[in-house]
Amino acid sequence: MTSSAFDTSQVKDKRETINGRFQRIKSMAAARRAKLNESHRLHQFFRDMDDEESWIKEKKLLVSSEDYGRDLTGVQNLRKKHKRLEAELAAHEPAIQGVLDTGKKLSDDNTIGKEEIQQRLAQFVDHWKELKQLAAARGQRLEESLEYQQFVANVEEEEAWINEKMTLVASEDYGDTLAAIQGLLKKHEAFETDFTVHKDRVNDVCANGEDLIKKALEETWRNLQKIIKERELELQKEQRRQEENDKLRQEFAQHANAFHQWIQETRYSLSCMVEESGTLESQLEATKRKHQEIRAMRSQLKKIEDLGAAMEEALILDNKYTEHSTVGLAQQWDQLDQLGMRMQHNLEQQIQARNTTGVTEEALKEFSMMFKHFDKDKSGRLNHQEFKSCLRSLGYDLPMVEEGEPDPEFESILDTVDPNRDGHVSLQEYMAFMISRETENVKSSEEIESAFRALSSEGKPYVTKEELYQNLTREQADYCISHMKPYMDGKGRELPSAYDYIEFTRSLFVN
């Protein structure tokens, strides 16, 4: 490019940019070609392995046959076929080795799918070894069958010869002429010569039969020893398994029993918190700390659940060291957690009621204590009969009715605390009801207090005798004067004819 060309520097930059992009594309194309070739080799390897696996599977069907021949001819034919199969296996071994070498090379090259290649290779080797073992075992069985069938054929042959000669030696024909006798003697001499030959054959057959029996006994004995050894190993394995299972049982029982003991103690401590003295705030803080402890124990329950899962996996269905189960402990922990939340909610409810409605802590504590008294099973709820008894103990004048008789007053209360009629009243429902009733009393007290304040001139904290008789009936005024205490000023001096209506109203509603 000549220096006189227009804007040579820009042209050079563009040329370099294009060349650089071309080289990147070329490099990326080469990398993709390498990846594609690698993927092709991998899938070709898998295809070759699938073909070899199919071939091995086909041959395994042949060598797994239980047909060892029913006669000598049948065994000989099967033996010839098996010899051809063994030759085929030997001839095919290079192909098998080729697949293994290819797989090993692919694995060593750190190609994609390395883990799958190694797994398939291991399975392939196992299948090939199994095929050769089955072939060797079938060959041995066929040799044994051939030996047996040869023995049977020899026995049958000798038995046929014996049966044939029995007719000759059992004959009653001894000849009636010299020529006839001489002929019979020659036949008998020939028989004795033949007998000598067959005697050796019979001895060989008997010896062969004894060898077969001896081999069979020896094989049976070896199999018996093998079975005894295998059983001994299995018994030892089972003993170790049972020992491990027993350790697992004991570990589960140790944690489960301790966890159950903690649940019992925590439930008892929560129930004792209701009876503790102190402010509602201090009780709430103590309950929150206890509930945090309950939540922290969830990790211990998780460990017990893991041990329980391990027992299920080991098929352990019984445990003589504990009566507790994972499900039962989880349910008890959940109930304890719910109890802690209910107690927190109840105390927060009481604090709110005290702060917003004026219900005293003493009244709230009395409500809680009365509920706990009638909650005999510590379930955190009362049935309808227990709830009715609790209300009567708190001063509710509920009528006594026969069982099955209508009780409209109590039914009206149940419409508030148990509208769906599930048969139980929870602590929250009970406290909400009692606070609402107490709040009604407080509101009524405030209304009457406001009425007395309206009677007194200038809204003073006391009312005079004259003001009472001026604004109330004589009977009402007499009742107030007889029950109201004289009003004492800030210095403790009694004002004449002045009565403390505030103390009178509050004491009246507290009672």
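In the predicted model described here, the end C-alpha atoms of residues 362-397 lie 21 Å apart, and this span is 64% helix and 8% strand. Helices (H or I, at least four residues) and strands (E, at least two) are DSSP runs, numbered from the N terminus. Residues are numbered from 1 along each chain as its sequence is written. The model being predicted, local features need pLDDT of at least 70 and side-chain atom pairs count only at pLDDT 80 or more, whereas totals for chains, interfaces and linings use all residues; side-chain values use heavy atoms, with hydrogens and water left out.

According to UniProt, in an unreviewed entry, the feature "domain: EF-hand" is placed at residues 362-397 and 405-440. Such positions are given in the numbering used here, feature names are shortened, and annotations may be inferred rather than shown by experiment. Helix H8 (residues 361-374) comprises 14 residues and reaches 20 Å from its first C-alpha to its last, close to the 20 Å expected at 1.5 Å a residue. The expected span of a helix is 1.5 Å times one less than its number of residues. The buried residues of H8 are Ala-363, Leu-364, Phe-367, Ser-368, Met-370, Phe-371, Lys-372 and Phe-374, where buried means under 20% relative accessible area, exposed over 50%, and partly exposed in between (1.4 Å probe, protein chains only).

Helix H1 (residues 8-63) has 56 residues, which at 1.5 Å a residue should span 82 Å; the separation of its end C-alpha atoms, 82 Å, agrees.

Leaving aside neighbours within four places in sequence, Val-63 is in contact (heavy atoms within 4.5 Å) with His-82, Leu-85, Leu-131, Leu-134, Ala-135 and Arg-138. The C-alpha atoms of Val-63 and Arg-138 are separated by 6.2 Å, although the two residues are 75 residues apart along the chain.

Two packed helices are described by the angle between their axes and the distance between the axes. The axes of H3 and helix H4 (residues 178-273) come within 10 Å and cross at roughly 150°; axes are lines fitted to C-alpha atoms, for helices over the stretch in contact, and angles run from 0 to 180 degrees between N-to-C directions. The crossing of H3 and H4 is left-handed, meaning that the near helix is turned anticlockwise from the far one by less than a right angle. Where H3 meets H4, the residues of H3 include Tyr-148, Phe-151 and Trp-161, and those of H4 include Phe-191, Phe-195 and Leu-212.

An open sheet is formed by 3 strands in the order E3-E5-E4, with antiparallel pairing. Strand E3 (463-464) and strand E4 (486-488) are the edge strands, each pairing on one side only. Two strands pair if DSSP finds at least two bridges between them. E3 and strand E5 (residues 494-499) pair in the antiparallel sense over 2 bridges, and the bridge partner of Thr-464 in E5 is Ala-498.

Ser-497, placed in strand E5, has a positive phi near 60° without being a glycine, and is partly exposed, with a relative accessible area of 36%. Arg-421, likewise not a glycine, has a positive phi of about 55°. Arg-421 lies in the loop between helix H10 (408-417) and strand E2 (424-426) and is partly exposed, with a relative accessible area of 32%.
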